[in-house]
Each structure stands twice: as structure tokens, then as C-alpha cells.
Amino acid sequence: MKHDSNLRLLAHLQITLALLLAAFCAWHIHATRVLNRQALALAQSAHNRRAYDLLLTASIEYAGRQPAIHPVLKAVGVTITTNAAPNTPKR
């Protein structure tokens, strides 16, 4: 029985392509997992930032009603400025 060199070449080519495809699939799965972890970390960071902003806003509003909290806010680095208009004489 005579072995055909073209068939052998096609068989090697098919095996090589199958291995390359398996490597690309493994890389794609790895890259997808990395991107999912990064997206989760980004979403968690955005959530924490929104929660921090809400807490800071609520603390500043509370400081307007309860001035005893001003030293605590200053201790953590929050400066409170008032946007009240200066006293204007009545006409």
C-alpha cells in the first residue's frame, strides 16, 4: 500500500490548525475572564465612589443642622463652605 504524501501533508495541516484553534480558544477564555474581573472591579469602584459622595453630602447637610459635627468633618479633611449671600441692607 502506497502512502500519499499529499494526504500526510493535509493531516499534519489539519492537526496544526486544530492546535492553533484550541490555543486561540484558550486565550479568548483567559482574556474574557480578565476583562470580567476588571469590569467588576470598575463597577465596584464606581459604586463605592457614589456611596462615598452620598455619605459626604448627607454629612454636610447634617452639619448644617448640627454644628457640633464640624470638628469631626474638619478632622477627616472636609471643608464646609456656605453659599449664603452676604447680608444686604433692606431698602
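This briefing describes the secondary structure, surface and side-chain contacts of one chain. The model is predicted, so local features need pLDDT of at least 70 and side-chain atom pairs count only at pLDDT 80 or more, while totals for chains, interfaces and linings use all residues. Residues are numbered from 1 along each chain as its sequence is written, and side-chain values use heavy atoms, with hydrogens and water left out.

**Fold and exposure**
- The chain contains 2 helices and 0 strands, taken as DSSP runs (helices H or I, at least four residues; strands E, at least two) numbered from the N terminus.
- Of the 91 residues in the chain, 3% are buried (under 20% relative accessible area, with exposed over 50% and partly exposed in between; 1.4 Å probe, protein chains only).
- Carbon and sulfur atoms account for 64% of an accessible surface of about 8800 Å² (Shrake-Rupley method, 1.4 Å probe; for residues, only the protein chains shown count as cover).

**Nonpolar patch**
- Leu 7, Leu 10, Leu 13, Leu 17, Leu 20 and Phe 24 together form a nonpolar surface patch of about 630 Å² accessible area (residues with over 30% relative accessible area and no salt bridge, nonpolar side chains being joined within 5 Å).
- Leu 7 belongs to helix α1, residues 5-65, and is exposed at 57% relative accessible area.

**Salt bridge**
- The count is 1 salt bridge (a side-chain nitrogen of Lys or Arg within 4 Å of a carboxyl oxygen of Asp or Glu).
- Arg 49 pairs with Asp 53 in a salt bridge, with the closest N and O atoms 3.6 Å apart.
- Arg 49 and Asp 53 are 4 residues apart in helix α1, and therefore separated by about one helical turn.
- Asp 53 is partly exposed, at 33% relative accessible area.

Terms used
Patch = residues over 30% accessible without salt bridge, like charges linked within 9 Å, V, L, I, M, F, W, Y side chains within 5 Å.
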